[in-house]
Amino acid sequence: METLFLLGKGNANQKISSFFVTELAGNPSSYLHYGHSSTGKTFLSRKIIEAKGAPQAFVNCIECQSQRLLYEDILGELSGMLPCVQNDYARYARCETANDFVRLLKNLIANEKWEKETVYIVLDNAERLRNMEGHILPVFLRLSELSDCNVCVILLTQIIWEKFNATSGYLDPVKINFPDYSKNELLQIMTLDAPKEYSVAFYSSYVNLLLSIFHMACRDLSELRHLALINFPKYIEPIEKGDATEGDAHKLWRNIEPHLKKALQTVFLREVSSSQWEQYQLSDTSTLPPLLSARAHVELPFYSKFLLIAAYLASYNPAKSDRRFFAKSHGKIRQTKRMKKAETSSQLTGPKAFQLERLMAIFYSIVDVRVAPTAHIFSQISTLVTLQLLSQIGSGDQLDAPKYRCCVSLDFIRSVARTVNFEVMKYLYEFAA
Amino acid sequence: MVKKKEYGLKEADDEVWDKVQDLLRARICQNSLPENMDGTFQSQREHLTDLIRRCATIGESNSALVIGPSGAGKTMLMSSILSELAKDSKISGNILQVHLNGLLQTDDRLAVQEITRQLRLENTIKDRVFGSMAEKLSFLLEALKKDEGKSQSILFVLEEFDLFAHHKNQTLLYNLFDISQSEQTPVTVIGLTCRLDVVELLEKRVKSRFSHRQIHLFHSLSFEQACKVCEDALTLPLNYLSKKFCTEWNSHVKEFLQERIVENSLRHLYDLDKSIRSVYSILLIPICRLGPSHPRLDSADVLDALKMSSCDSKSAMLQGLTILQLCLIIAMKHLAELYEGSNINFEMVYNEYQKFVQKKSHSIQCFGKPVCLKAFEQLIVLELVRPVEGSGFTGAKLTPKEYRSLKLLVTPLQVVETLNSFSGCPSELKMWATNPLPS
């Protein structure tokens, strides 16, 4: 596995390892490693520093929402005193400010006699540092100057340096780009996953096939490996059954193709767990697992459904068209071509806000039976708001005329309408002929 | 340490090269003033030295600001002056130093704590409670007085001085300047900052106590001097390693710097940024690559370094996108041109994308909305696309995410350039990037 990721990283690898020489005094005070996810930023940094045997602290900034946690994590990692059961969850020291941090770091280095070595501090997801107090990022960038020690800070991020709002007083780090894997490199790396039972060439051709389908939408190595892994049992199914041999590339392809196409529609989504997916593949049914077919399946009371439909209509229809859809005698429909062309489709611009009165008016006209305006009905509106199917706009102080917006998609409202036998398309301004 | 055997550039082994790298990298990466730079900043140096000396010997209080752009050598100048003065026992024995940094002491409470620590008065102060900062400071100074019998001169060096001006009520600055005006203790306050307008940041009562001594440092390096700095940085002292090696190396350095490519790159860098730091940055890669198998500074490495420092990181990130994401970006680019100024949301982008795919379905696969949305969200994470402020953040919860208005942060030119150098990019996509679909 170790050599796995370094493949094809030759360029970046060489660039970086030439920078990292521990015994030496001179190190730039900070580096910025940037690149897409799973291009080996963390892995490579870790490997190289470990190879040097230098004191190191790896901290992920996602875990640290305050500067105190960040400092204490770094000191803990460096000193090897992380809170655990054995030491009764003690920490190296209490450290709340940058001032304390630099002082404690100095002490630590003096105590451990690390003056000759370079101490590496690696901050993963460094873009999070931007959200902390303004002075933290510059402190880390010039940490070696501030602490007067041989400290090197490595920032790992997916975001380019320009977005770090670099103003004056920032010491620019040495920026190293981690390029993405090319298709060939992906193929080489993923081939290393080949299971023992099958030949490498066979697995390689499988991966090649997989890449030809997925590469368009996904270049993320870990996602692709996951896909390769969960679809492989399906691929070899004919061989297991004895219908085909390893050489029958065409037959295998015909077998797997529809499955991969289906997987393509859910790439990255991970709506189902791997085990569910495998189960679905084994079951040989053409229907997707229930989770997959209805992405948001909500069961609502009868009137709530109508309220939601009314809200949808109010959000997506212009108010002036209400007369045409809901009034008993709307007169002649006069629709000039100019009028229709002028506006962009409301399906594209998104839902508009509407007033409660309009919602209720539409609601009464689309429900067949007579409904009394009781508190039950109104409480259902607030339930819809809590379910985030509707959203209330503006502050809550407008008691008499609250405004709402409908937050559900067209597909969702159609499936809701179907359950109550309501033809919603007929009432939508854009779709009604 | 020095090997007895004489060896030249080619025979040197790992150990020798490690030593060479050690010295050269230390020179380049650390914030020390290059040797033989005494000529520059001579008047400023004298001025500052004089201030500190007068404080130490005659007991004169003073305050001054050293102002200059970052990388001009403020900190270097200060530390070189202090190390020079430290040699003079008359001065060094007579003055205490307190170093504060605006980045570390982010409020006045911390600053006073740090002052106490640096003056070694933690024991004296213990749990004593003070009504005000002025009281505490004067107590500290009083404590020093009793130790010595006569008052002790103190030098305060405040780095990132402008940050201290943002502290509440500027209490620390007020007190320091106030002490420097009064007779209590001889105190010299020297602030280092890169803000030219720093005096305007001071409150009136603070400003009136400041002596208004401003010492300006600017990048005064001429190009010839910059080349000299490079040469000095690379030259090895003759007694450092084997003599033969060093002479060979030094003559190689001279040749290297005269190479046309190297000189041009240096000139290019110098025209962009005159600070020594930027000149040094180009030398880092050639030095790092030195070794037994690569015993010479290489002009190709210099070009590499220049390319690395000037590379457009956004284009580099664009190269790593998937075809699907590129499609979305192109769609967004066209929409931005179409609806100048008005908001774009994901629904519109997806609609545009579908229009394209339906026309060219034979070469580009069509993806469902959820997959596209996911790919699109990845673009937001990479900050290539950003939600418009106001509608995006305050009302984020209220609008469904498909309809949040967004902004593309990639220029049309960058898109076209990316596609041209993108490996395996379908030609339809390139066509689409330059010509919008007929509506």
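## Strand 1 and the parallel sheet of chain A

In this predicted model, strand 1 (residues 30-35) of chain A runs parallel to strand 4 (residues 151-157) of chain A, and five bridges join the two. Within this pairing, Leu32(A) has Leu155(A) of strand 4 as its bridge partner. Strand 1 of chain A is also joined by five bridges to strand 5 (residues 174-178) of chain A, again in parallel. Here Gly35(A) stands opposite Phe178(A) of strand 5.

These pairings belong to an open sheet of five strands in chain A, with the order 2-3-4-1-5 and parallel pairing. Strand 2 (56-60) and strand 5 of chain A are the edge strands, each pairing on one side only. Direction ignored, neighbouring strands of the sheet are turned against each other by 15° on average. Strand 3 (residues 119-124) of chain A is connected to strand 4 of chain A by five bridges, and the two run parallel. Ile121(A) finds its bridge partner in Val153(A) of strand 4.

## Burial of strand 1

Strand 1 of chain A is mostly covered, with six of its six residues buried. In a regular strand, side chains alternate between the two faces of the sheet. In strand 1 of chain A, Ser30(A), Leu32(A) and Tyr34(A) point one way, while Tyr31(A), His33(A) and Gly35(A) point the other way. The residues on both sides are buried.

## The antiparallel sheet of chain A

A separate heading is given to the open sheet of three strands in chain A, which has the order 6-8-7 and antiparallel pairing. Its edge strands are strand 6 (354-355) and strand 7 (390-393) of chain A, and each pairs on one side only. Strand 6 of chain A is held to strand 8 (residues 403-406) of chain A by two bridges, with the strands running antiparallel. Gln355(A) has Lys403(A) in strand 8 as its bridge partner.

Helix 20 (residues 375-386) of chain A lies across strand 7 and strand 8 of chain A. The helix runs at about 100° to strand 7 of chain A.

## Salt bridges

Side chains of opposite charge can pair when their charged atoms come close. Over all chains, a search of the whole structure finds 24 salt bridges. One of them joins Arg91(A) and Glu72(A), whose closest N and O atoms are 3.7 Å apart. This pair links distant parts of the chain, 19 residues apart: Glu72(A) is in helix 4 (67-79) of chain A, and Arg91(A) is in the loop between helix 4 and helix 5 (98-112) of chain A. Arg91(A) counts as partly exposed because its relative accessibility is 34%, whereas Glu72(A), at 13%, counts as buried.

In chain B, the side chains of Glu84(B) and Arg45(B) meet in a salt bridge at 3.5 Å, N to O. This pair also links distant parts of its chain: Glu84(B) lies in helix 3 (residues 74-87) of chain B and Arg45(B) in helix 2 (residues 42-57) of chain B, 39 residues apart. Glu84(B) is partly exposed, with a relative accessible area of 40%, and Arg45(B) is buried, with a relative accessible area of 9%.

Glu352(B) and Lys355(B) form a salt bridge of 3.7 Å, N to O. The two are three residues apart in helix 19 (residues 346-359) of chain B, so about one helical turn separates them. Glu352(B) is buried at a relative accessible area of 9%, while Lys355(B) is partly exposed at 38%. Returning to chain A, salt bridges that share partners join Arg68(A), Glu72(A) and Arg91(A) into one network.

## Glu160(B), a buried charge without a salt bridge

Glu160(B) sits in the loop between strand 3 (153-159) and helix 8 (161-164) of chain B. Glu160(B) is buried, yet has no salt bridge.

Apart from neighbours within four places in sequence, the contacts of Glu160(B) are with Arg142(A) of chain A and with Asn101(B), Gly102(B), Leu103(B) and Leu192(B) of chain B.

## Domains of chain B

The domain assignment divides chain B into domain 1 (41-216), domain 2 (222-310) and domain 3 (315-434). Taken over C-alpha atoms, the centres of domain 1 and domain 3 of chain B are separated by 54 Å.

How values were computed: Residues are numbered from 1 along each chain as its sequence is written. Chains are lettered from A and ligands numbered from 1 in the order in which they are written. This is a predicted model: local features need pLDDT of at least 70, side-chain atom pairs count only at pLDDT 80 or more; totals for chains, interfaces and linings use all residues. Side-chain values use heavy atoms; hydrogens and water are left out. Domain bounds come from an automatic or database domain assignment. Helices (H or I, at least four residues) and strands (E, at least two) are DSSP runs, numbered from the N terminus. Buried means under 20% relative accessible area, exposed over 50%, partly exposed in between (1.4 Å probe, protein chains only). Lys and Arg count as positive and Asp and Glu as negative; His and the chain ends are not counted. A salt bridge is a side-chain nitrogen of Lys or Arg within 4 Å of a carboxyl oxygen of Asp or Glu. Contact means heavy atoms within 4.5 Å. Two strands pair if DSSP finds at least two bridges between them. Axes are lines fitted to C-alpha atoms, for helices over the stretch in contact, and angles run from 0 to 180 degrees between N-to-C directions.
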